[in-house]
Amino acid sequence: MTDRPLRILYVSPEVVPFSKTGGLADVAGALPTALAQNGCDVRVLSPFYGHLLNGDFRTERVATPPLAVTIAGCSQPFHLRTLTGGDSAVRHFFIEHAPYYSRPELYVDPRTSRDYTDNDERFALLARGLIEWIRQDRWHPDIIHLNDWQSALVAPYLALLYRADPVLAGVRTVLSVHNLAYQGLFPAERFDGLGFPADQFYPTSPFEFWGKVGFLKAGLTYADKLSTVSPTYAREIQESEEFGCGLEHLLRERAEDLTGILNGIDNGVWNPAVDGLITRTFSVDDLSGKADNKNALCRRCGFAPQRFDRPLVGMISRIAEQKGFDLIAKAGERLFALDLNLVLLGTGDPEFHELFEKWNRRFAGQFRAFLTFDNALAHQIEAGADLFLMPSRYEPCGLNQMYSLRYGTVPIVRATGGLADTVRDADVHPDGNGFVFAPYDGEAMLAAVRRAVAAYGDRPRWRGMMRRGMSADFSWQASARRYVALYDQVIAAPARRVGGSTAPRGVQS
């Protein structure tokens with residue numbers, strides 16, 4: 001290794017601000033910048049989706065030799081584009097192939113509300129296309145950082161098809177799993193179109209998962225190191241089928257290579273001291289603006305002027321059982337028998353929508369559900385609420401509990417995934433910053449809410465919890481430092497062997 005910066009190629013199917021369906025895009029938009037600020041030479045690669053051609057971003061094609069890969073028995077030519085203008089320390093690149101990527105949605109066909117039937121081909125092109133690009137480019141990464149199933153095939157392609165290529169001899173791979181429930185599963189007959197030797201697909205092989213082709217399973221098998229988005233989630237996915245989604249045995253086999261690194265938050269966006277979307281800014285040193293935000297939020301919700309002793313509870317979430325809304329539904333009247341107000345923002349399951357519309361009428365003055373997406377209102381809820389409720393069944397990382405802590409809004413969470421890693425129960429720990437329950441049931445959730453409502457009346461104690469949460473470092477800088485340490489481990493590790501073959505090793509000079 002020379003003394004040049006560590007070269008990272010960060011690969012994601014979606015990247016803010018260019019494309020987004022979920023939290024992965026936020027990670028892919030923020031982490032590379034933090035890595036660059038930690039001294040890395042970073043490039044980001046994602047598909048060139050159709051909306052980008054006429055969007056607000058200026059791109060141009062990169063001059064390269066002709067590029068093509070064979071997918072499903074056909075040669076698929078493609079181009080590389082790069083973002084132009086700006087002074088970002090991170091260079092953004094896109095794989096352009098109109099037949100695969102110029103579509104109305106990223107993954108789901110709006111005509112059928114189902115995944116595109118050729119998603120295997122679309123993301124095989126992303127994986128193998130990036131390898132062909134770096135083979136002919138003068139810039140060669142030390143680490144290719146993969147994200148979720150859509151880029152996972154890079155690792156087995158390198159190990160099985162390119163291991164003798166001297167240009168790729170130094171490339172290592174890290175695969176980050178953001179939610180193990182999404183695995184990239186396809187019919188067995190689709191395997192031949194990926195370009196791997198036919199004898200690599202058989203029962204229990206790295207590519208086979210219950211008779212289907214498993215992109216994520218293959219990536220988890222062949223990547224040099226694995227990471228996920230919180231330490232607790234890294235442990236949970238090894239312990240049971242509920243969290244491991246059938247891959248727990250493989251993850252236990254790779255336990256020494258699996259690291260949980262908590263996602264960060266963007267302190268430039270989620271910061272009550274500079275937030276232009278809230279009624280009045282405030283800080284850990286001056287909390288006076290918190291009350292103004294609460295009063296404004298109460299007016300928006302139609303709640304009566306607030307008494308000192310009635311806390312306002314916020315929720316911002318995708319409305320689904322995974323997020324604990326079955327517990328909320330079962331709690332019903334017992335929840336509103338407590339002296340609190342509750343505001344909910346989100347969209348999701350139509351059955352819950354119908355229930356919460358009824359609650360808007362039945363519990364008017366105490367409950368208000370905004371069944372929509374509203375970024376400004378999300379900021380106002382974080383700034384104006386006293387408590388934030390996240391009773392998730394599972395939560396690989398979670399961001400809203402960290403936003404809440406940053407805004408002095410005390411979280412009530414279930415002890416799972418990143419929620420367990422960021423919130424400490426104030427009735428158990430002297431330095432606690434929230435309230436935690438463990439069993440996934442309504443009684444345990446209600447007990448935690450009761451404890452929080454009771455604690456709200458103790459103002460000195462409450463302000464201590466607020467300030468502890470606001471002072472914690474959940475920035476991407478902290479997470480980036482842990483990733484740089486992981487990259488150093490990858491480079492220093494001995495060669496990894498899978499089924500008698502050796503994945504590419506060595507270090508680029």
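Student: How many of the 18 residues of helix 3 are buried?

Tutor: Start with what the word means: a residue is called buried when its relative accessible area is under 20%. This is a predicted model, and in it helix 3 is mostly covered, with 16 of its 18 residues buried. Helix 3 runs over residues 119-136 and reaches 26 Å from its first C-alpha to its last, close to the 26 Å expected at 1.5 Å a residue.

Student: Which residues of helix 18 are buried, and what do they pack against?

Tutor: Among the buried ones are Trp476, Tyr483, Leu486, Tyr487 and Ile491. For packing, look for heavy atoms within 4.5 Å, which is what counts as a contact. The buried residues of helix 18 pack against helix 1 and several strands, including strand 1, strand 9 (143-147) and strand 10 (172-177). Strand 14 and strand 15 are on that list too.

Student: What covers the buried residues of helix 7?

Tutor: Let's name those residues: in helix 7 (residues 231-239), Thr232, Tyr233, Ala234, Glu236, Ile237 and Gln238 are buried. Their cover includes strand 14 (225-228) and strand 15 (258-260). It also includes helix 8 (241-244), helix 9 (248-253) and helix 15 (417-422).

Student: Now single residues. Is Ser151 buried or exposed?

Tutor: Ser151 has a relative accessible area of 0%, so it is buried. You'll find Ser151 in helix 4. Leaving out residues up to four places away in sequence, Ser151 touches Val11, Leu126 and Leu146.

Student: What about the backbone? Where is the cis peptide bond that involves Pro17?

Tutor: To read a peptide bond, check its omega angle. The bond that joins Val16 and Pro17 is cis, with omega about 10°. Pro17 sits in the loop between strand 1 (7-11) and helix 1 (23-37).

Student: Which phi does Ala72 have?

Tutor: Ala72 has a positive phi of about 55°, although it is not a glycine. Look for Ala72 in the loop between strand 4 (67-71) and strand 5 (74-83). Its relative accessibility is 36%, so Ala72 counts as partly exposed.

Student: And Asp148: what is its phi, and where is it?

Tutor: Asp148 also isn't a glycine, and its phi is positive, about 60°. Asp148 belongs to helix 4 (residues 148-151). With 10% relative accessibility, Asp148 counts as buried.

Student: Let's zoom out. How many helices and strands does the protein chain have?

Tutor: The chain has 18 helices and 23 strands. Its radius of gyration is 24 Å, close to the 23 Å that the globule rule gives for 509 residues, so the chain is as compact as a globular protein of that length. The C-alpha trace spans about 70 × 45 × 45 Å along its principal axes, and 59% of the 509 residues count as buried.

Student: What share of the contacts comes from residues 24 or more positions apart?

Tutor: Among contacts with a separation of 6 or more, residues 24 or more positions apart account for 71%.

Definitions and conventions. Residues are numbered from 1 along each chain as its sequence is written. This is a predicted model: local features need pLDDT of at least 70, side-chain atom pairs count only at pLDDT 80 or more; totals for chains, interfaces and linings use all residues. Side-chain values use heavy atoms; hydrogens and water are left out. Helices (H or I, at least four residues) and strands (E, at least two) are DSSP runs, numbered from the N terminus. Buried means under 20% relative accessible area, exposed over 50%, partly exposed in between (1.4 Å probe, protein chains only). The radius of gyration is taken over C-alpha atoms; the globule rule is 2.2 Å times the number of residues to the power 0.38. The expected span of a helix is 1.5 Å times one less than its number of residues.
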